[in-house]
Amino acid sequence: ERAFDHGEVEPRWQSAWDEADVFRIDDDATDPEYVLAMFPYTSGQLHMGHVRNYTITDAYARFERMRGEDVLHPMGWDSFGLPAENAAEERDTNPRDWTMNCIDQMRDQFVEMGFGYDWEREIATCEPEYYQWNQWLFKQFREAGLVERQAAELNWCPSCETVLADEQVEGEAELCWRCDTPIEHREMDQWFLTITDYAEELLAALDDLDGWPNNVREMQRNWIGRQEGASVAFEVGEYGDVDIFTTRLDTIYGATYFSLAPGHPVAQEIAEDNDEVAEYVEMAEGADEDDLDVTSGVFTGEYATNPATGEEIPVYVADYVLTDVGTGALYAVPAHDDRDHEFATHHDIDITQVVEPAPEADVDPEDVNVQEAAYTEDGLLVGSGEFDGLTSEEARDRFVDEFDGEHRTEYNLRDWGISRQRYWGTPIPMIRCEDCGYVPVPDEELPVELPEFVHTTGNPLDAAEEWKHVDCPDCGADAVRETDTMDTFVDSSWYFLRYVSPDLDSAPFDTERASDWMPVDRYVGGIEHAVMHLLYARFFTKVLDDVDLLSGVREPFMNLTNQGMVLGEDGNKMSKSRGNGVSPQRIIDEYGADTARLFIMEAAQPEKEFAWSPEGVQSSHSFLQNVYRLVGEFADGEIAFGSDGDIADYVAREIDATAARATEEYERFRFNHALQAVRELVSLLRRYREATDPDRDTVERGLVTAAKLLAPVAPHVGEELWEQLDGEGLVAEADWPAAEAPADYAIERRLVENTREDARDIVDTVGIADPETITLVVAPEWKHDVVSIAREADNVVPAVMQNEDLQRYGEAA
Ligand code: ANZ
Ligand code: ZN
């Protein structure tokens with residue numbers, strides 16, 4: 001019985017790759033193909049999501065390497081974060097030891113999976129060699145005017161007398177994780193990176209990122225949330241002019257009240273003389289921003305003058321008006337805004353209609369009753385004096401000048417608060433001095449290393465008395481270090497640059513090399529990073545380019561793929577609580593890494609989710625064993641060769657077509673299609689070997705081609721086949737099969753494309769969710785077409801079709 005033993009085969013080839021430095025890339029390489037997977041958080045446990053993510057980039061990197069590209073495919077560890085502190089707490093160890101141990105475990109598993117990384121470029125964000133550059137970059141950002149202190153809402157435990165990270169607040173009731181006391185919300189000054197300075201560029205540049213999925217671009221657009229509007233001043237009693245921001249200046253005649261955010265300076269001023277307002281403001285500031293009650297608010301006793309009508313409207317302070325949005329003040333139009341409507345109804349405020357549906361809107365104006373619900377669409381102005389009859393758009397344009405307003409663009413994007421009240425992160429390199437204020441730690445004193453971990457109620461950095469007390473770098477007086485650490489998203493905002501020169505100790509990365517090697521050509525990771533990580537990394541890249549640490553690199557990632565989820569057999573997300581998880585280690589032990597890799601890649605295209613299936617695993621495993629057996633029989637001279645010219649021609653054509661098709665599919669990240677082509681080729685070769693007198697050279701070429709096409713996904717078996725076929729060196733370093741397409745191949749591919757298009761059309765019309773399924777449904781018709789078109793094209797097919805064994809021709813593809 002001829003079968004490979006993965007337990008013996010896989011480690012052997014892993015050592016061989018290592019010894020041959022297959023995955024190493026020289027520093028002097030020019031513009032290599034940069035293939036990157038989002039680095040893992042060091043939980044210690046590899047799960048199927050990781051396996052999928054890393055198999056995708058590994059297969060692609062191996063494919064590009066065989067095509068003769070220099071490939072940069074590095075790996076590192078996102079190793080700061082609260083879970084390490086929790087684990088240290090539970091296990092009576094410290095975050096560092098726990099993390100290092102996790103890294104060692106995960107690295108071993110990656111090697112066992114056959115992932116080919118340039119380990120000389122390995123980085124870990126929790127090492128001072130890495131995080132010193134977070135500190136240095138923080139200072140660079142500060143010098144570029146991109147660091148600010150701003151107030152932010154924090155969680156405060158009154159019993160532990162400490163600030164808590166969001167993750168340390170438990171449940172709906174918001175209890176302290178240690179003492180179960182209900183937490184309070186407090187405003188405190190924090191460090192912010194002013195990403196809003198880049199809002200416009202971050203938004204505009206999305207249009208050109210056509211290597212990104214549309215949904216991710218759309219999510220970023222929404223997150224940045226550009227709004228075109230205007231600001232206009234209303235005079236508020238004795239407090240003078242107050243600017244509002246509105247996107248609906250056309251509705252100004254319908255303003256029936258005016259509202260200030262609790263944090264607005266005028267609201268605070270009013271509070272000084274008005275107890276009720278003072279009480280409300282205090283209450284609002286202590287409340288959690290997340291559970292907002294639109295009806296909550298208080299009348300101030302003051303009135304604002306509407307510049308359009310000269311009318312006086314009551315001024316409220318209301319929680320739904322956010323302090324840091326627009327100007328923190330608005331005029332409210334209950335007739336045309338849902339929230340204003342809800343507020344007005346609750347507080348018994350007038351509702352005055354000033355817009356009615358335009359004739360083309362297909363809504364009868366008689367059917368609109370703004371007393372019942374707001375009419376929020378654009379339309380034609382009514383109740384707006386001389387301006388009645390204007391369209392909303394015309395009115396918005398005219399009113400800016402008419403009422404001394406200004407055009408104004410607002411963004412939903414907020415500045416990025418990076419202060420975290422935790423131990424396991426990068427210390428923020430600032431020192432607070434009574435006289436000098438905040439002073440940065442001088443470069444020569446970087447890194448500010450973390451002190452020893454201690455178990456304490458609050459932030460261990462606060463408790464590190466010796467570490468904390470230092471002399472002020474400016475005046476020498478007693479001063480105190482900043483005890484907050486950085487958001488770990490800072491670490492991941494530039495790690496892809498550190499791989500370029502991981503050992504450099506004079507700068508975070510080599511500017512010249514990074515400018516040549518960037519951007520990343522293929523970036524693969526989870527959709528959960530669609531906004532924050534990907535936006536922050538884009539922001540960092542632009543800033544680094546602006547401060548000349550990069551040259552001419554405005555975007556970090558050219559092509560982005562979000563891999564779909566691996567579901568449990570039951571079709572649910574794999575999770576501990578459901579007990580439907582499949583451990584990668586168990587699959588590696590039982591079937592070997594190649595089976596796991598092949599199954600995952602065959603199951604679906606990378607973006608799609610799929611359910612784990614023992615039958616699927618079995619099928620992938622049998623396929624590998626079958627190829628192995630066939631190659632073994634060939635190598636051991638167990639095949640009786642003859643010379644059947646016609647069929648050999650046909651098989652030769654199929655070999656070329658398979659190589660061409662697999663190459664295209666690898667390029668397009670359609671690994672499942674590429675593998676399907678390989679399976680078809682192998683099955684053709686098996687039948688060719690049995691049913692006719694096969695031509696030796698053709699069979700050999702077919703097997704060599706199959707081995708190579710399979711190698712990126714099943715690299716260990718690939719090497720094993722290659723060795724038996726007397727290939728030179730390692731298949732990992734062999735040349736990719738020349739993808740010279742046969743004459744009729746273009747027709748075949750066009751049909752494939754058309755079928756996909758048809759499938760998409762059908763999906764759009766019928767509304768069925770999965771285009772893959774549809775492809776299968778329409779495929780039989782199309783198979784017929786392939787055969788008849790090929791016949792018309794007068795190539796070898798008609799002759800071949802007489803051989804029953806090879807009737808499958810039409811099914812190929
Ligand atoms: C008057 C108005 C009339 C508005 C109307 C809307 C509809 P969206 O809704 O996303 O376009 N706004 C302004 N500042 C605010 C703040 N600090 N907190 C909460 N809301 C604020 O956002 C723009 C609208 O949000 C603005 O346009 C303003 O209400 C409100 F029929 O002004 B509008
Ligand atoms: Zn000082």
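Into which domains is the protein chain divided? Domain 1 takes 147-190 + 421-488, and domain 2 takes 226-411; the bounds come from an automatic or database domain assignment.

A note before the views: this is a predicted model, where local features need pLDDT of at least 70, side-chain atom pairs count only at pLDDT 80 or more, and totals for chains, interfaces and linings use all residues. Residues are numbered from 1 along each chain as its sequence is written, while chains are lettered from A and ligands numbered from 1 in the order in which they are written.

**View 1. The protein chain as a whole.** Here we have 27 helices and 29 strands, where helices (H or I, at least four residues) and strands (E, at least two) are DSSP runs numbered from the N terminus. Along the principal axes, the C-alpha atoms fill a box of roughly 105 × 75 × 50 Å. Of the 813 residues, 43% are buried; that label goes to a residue with 20 or more other C-beta atoms within 10 Å of its own, with exposed meaning 12 or fewer, partly exposed meaning in between, and C-beta atoms placed from the backbone. Take the contacts with a separation of 6 or more, and 71% of them join residues 24 or more positions apart. A contact here means that the C-beta atoms of two residues, placed from the backbone, lie within 7 Å.

**View 2. Where domain 1 meets domain 2.** The C-alpha centres of the two domains are 39 Å apart, and 4 residues of domain 1 are in contact with 5 residues of domain 2. On the domain 1 side, strand 9 (residues 184-193) gives the most, with 3 residues. That side has no nonpolar residues, 1 polar and 3 charged.

View 3. Four strands line up as 2-1-26-27 in an open sheet with parallel pairing; two strands pair if DSSP finds at least two bridges between them. Strand 2 (71-72) and strand 27 (560-562) are the edges, each with a single partner strand, so one side of each is left without a neighbour in the sheet. Strand 1 (residues 33-37) is joined to strand 26 (residues 522-525) by 3 bridges, and Val 35 has Arg 522 of strand 26 as its bridge partner. Helix 2 (residues 48-66) lies across strand 1, strand 2 and strand 26, at about 165 degrees to strand 1. Axes are lines fitted to C-alpha atoms, for helices over the stretch in contact, and angles run from 0 to 180 degrees between N-to-C directions.

**View 4. Strand 18 and its partner, strand 10.** Strand 18 (residues 406-411) is hardly covered, with 0 buried residues among its 6. Strand 10 (residues 226-236) runs antiparallel to strand 18, joined to it by 6 bridges. Look for Arg 226 opposite Tyr 411 in strand 18.

View 5. Strand 21 (residues 430-433) pairs with strand 24 (residues 478-481) over 3 bridges, and Ile 431 stands opposite Arg 481 in strand 24.

Key: Ala, Val, Leu, Ile, Met, Phe, Trp, Tyr, Cys and Pro count as nonpolar, Asp, Glu, Lys and Arg as charged, and the others, Gly among them, as polar.
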